[in-house]
Amino acid sequence: MLTTLLRDSRALAVLAVPLVLTQLAQVALTTTDTVMMGMLGTQELAAGGLAIVIFNQLRTMGVGLVTSVGNQIAAAAARAEKEKEDTGGEAHDEVRGIVRASVAVATLAGVAGGVLMILIGQALTWFGQDAAVVERTRPMLLALAPGLLPCLWFQVVRQFTVGMRRPQALLQITIASVAVNAGLNWVLIHGTWGLPRLGLTGIGVATSSVYLLSFLALYLSAKKDSELAPLLTLNPAKADPATVRRLVGLGVPIAATYGSEAGFFSLTALMAGSFGPAALAAHTAVNQLVYIVFQVAVGLSHAASINVSRELALGRTDGARRIRNTALACAAAVMTVVGITYLTLPRLVLAPFLDSGSAQALAIATQLLVVTAFLQFFDCAQNIGVGLLRGLDDTGSGFRITLIGYWAVGLPASWLLAYPLGLDTLGIWLGLLTGLATTAVLLLRRYSDSLAVRTDSRQATASPA
């Protein structure tokens with residue numbers, strides 16, 4: 001039993017540790033942006049936070065479209081391991097076809113998302129946002145829109161390397177991008193070295209530039225890997241239509257699931273904005289903290305998902321069940337440490353974002369941290385649940401469940417607590433907690449039921465007639 005537990009933990013850690021560190025390094029990009037927005041003032045933090053919410057909404061949905069790539073490649077590689085003589089070459093052809101198809105999907109999504117981002121910026125005043133805030137948000141959205149395309153290309157190459165279980169270069173590249181982003185932010189905000197002083201818009205220009213540089217760096221790194229290079233082909237013109245349709249069929253429910261969650265948070269940002277710039281600034285700061293810690297769940301979810309795909313391709317349903325327990329235990333341990341920090345050191349945690357902002361924003365954010373200390377347990381559990389179901393190739397259930405948890409439970413709860421019951425921004429976050437808890441319970445129950453069905457089916461097949 002102990003040997004099995006250690007083996008499962010090691011298999012999860014091999015992927016999860018570099019992915020968690022990569023996710024944390026990647027979120028440092030938006031954290032750096034948020035800190036620098038806060039240095040510009042409360043209005044800039046509110047405007048920049050609104051722009052990032054919109055960008056993240058579309059980026060998250062685009063990433064969802066290509067997230068299944070890693071699972072498909074992992075399953076093909078596992079089949080090749082199981083039957084090396086017969087399927088190795090076919091599996092490699094399959095990997096190349098998946099990569100080409102995913103580039104085609106990412107390109108279409110990046111272009112469409114960039115256009116949509118700009119159009120949303122023009123409609124923000126219709127959602128009750130402060131006119132002065134919207135005036136600052138629109139130029140930043142124009143600067144962020146071109147960055148969506150290289151961002152999604154980067155995700156394609158990332159999914160490829162993770163599916164092949166060779167994600168190590170991701171971490172070094174992402175860490176380097178954080179330093180480059182911070183430098184570009186400073187230069188473009190303040191107009192040093194003869195460049196124009198762009199202020200808040202400079203943060204958007206820097207972010208788009210860093211996404212392009214990160215994609216090029218990861219692509220070149222993969223091309224230097226003798227195992228990855230022969231399989232990495234990015235020509236979307238040669239994409240097989242059937243493979244594109246298969247990836248879209250798997251990706252649309254994932255994108256809808258991610259979009260459902262991101263949309264849930266995006267709408268609550270608009271709700272917070274209706275209570276004024278201080279409330280929106282507080283919401284932005286705390287939401288960024290949630291986003292940072294959420295990357296632990298993203299890394300664990302992705303690693304668990306890939307390992308579930310491999311275990312099932314090898315016919316091991318018991319291993320898939322143990323992966324769930326290991327991932328949830330790791331997430332709970334991290335969330336406990338984070339929650340204690342939020343409850344005992346709230347002002348220290350919030351200082352990087354709101355130290356130069358208004359006292360009202362700081363007071364609101366301190367209240368929200370108490371809710372966040374408990375909310376993050378459910379946020380991580382529901383993300384792991386989505387990843388586990390993706391490992392089963394069950395991408396539709398996650399979307400349906402998020403519709404129930406976020407929109408049928410969480411959003412009405414947020415509205416009721418914030419407006420009729422007069423809890424304002426605190427009520428919004430209590431509603432978020434309710435929706436995430438509901439979603440987590442439903443997702444994990446669905447995974448357990450699906451595994452039980454698969455186990456019974458395998459036993460029935462193996463039993464003599």
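Mentor: Let's settle the word "helix" first: helices here are DSSP runs of H or I with at least four residues, strands are runs of E with at least two, and both are numbered from the N terminus. Residue numbers start from 1 along each chain as its sequence is written, and side-chain values use heavy atoms, with hydrogens and water left out. Keep in mind that this is a predicted model, where local features need pLDDT of at least 70 and side-chain atom pairs count only at pLDDT 80 or more, while totals for chains, interfaces and linings use all residues.

The chain has 14 helices and 0 strands. Of its 465 residues, 57% are buried, meaning under 20% relative accessible area with a 1.4 Å probe, protein chains only. Take contacts (heavy atoms within 4.5 Å) between residues at least 6 apart in sequence: 83% of them join residues at least 24 apart.

On to your cavity. The term means a set of points, on a 1 Å grid over the protein atoms alone, where a 1.4 Å probe fits but cannot get out; a lining residue has an atom within 4 Å of a point.

As for what surrounds it, 41 residues line the largest cavity, with Arg59, Thr60, Tyr291, Phe294 and Gln295 nearest its centre. Six stretches each give at least two lining residues: α1 (2-40), α2 (42-82), α5 (148-163), α8 (241-273), α9 (277-313) and α12 (359-391). The largest share, 11 residues, is from α9. By type, the lining splits into 21 polar, 15 nonpolar and 5 charged residues. Here Ala, Val, Leu, Ile, Met, Phe, Trp, Tyr, Cys and Pro count as nonpolar, Asp, Glu, Lys and Arg as charged, and the others, Gly among them, as polar.

While you have the model open, turn to two other spots. Arg324 sits in α10 (residues 317-344) and, leaving aside neighbours within four places in sequence, is in contact with Leu388, Tyr447 and Ser448. Thr207 is in α7 (residues 200-223), and it counts as buried because its relative accessibility is 10%. Not counting residues up to four places away in sequence, Thr207 touches Asp33, Leu144 and Asn181.

Notes:
Buried < 20%, exposed > 50% of the residue type's maximum accessible area, 1.4 Å probe, protein only. 1 Å grid on protein atoms, 1.4 Å probe; cavity = no way out; pocket = protein on both sides within 12 Å on 5 of 7 lines; lining within 4 Å.
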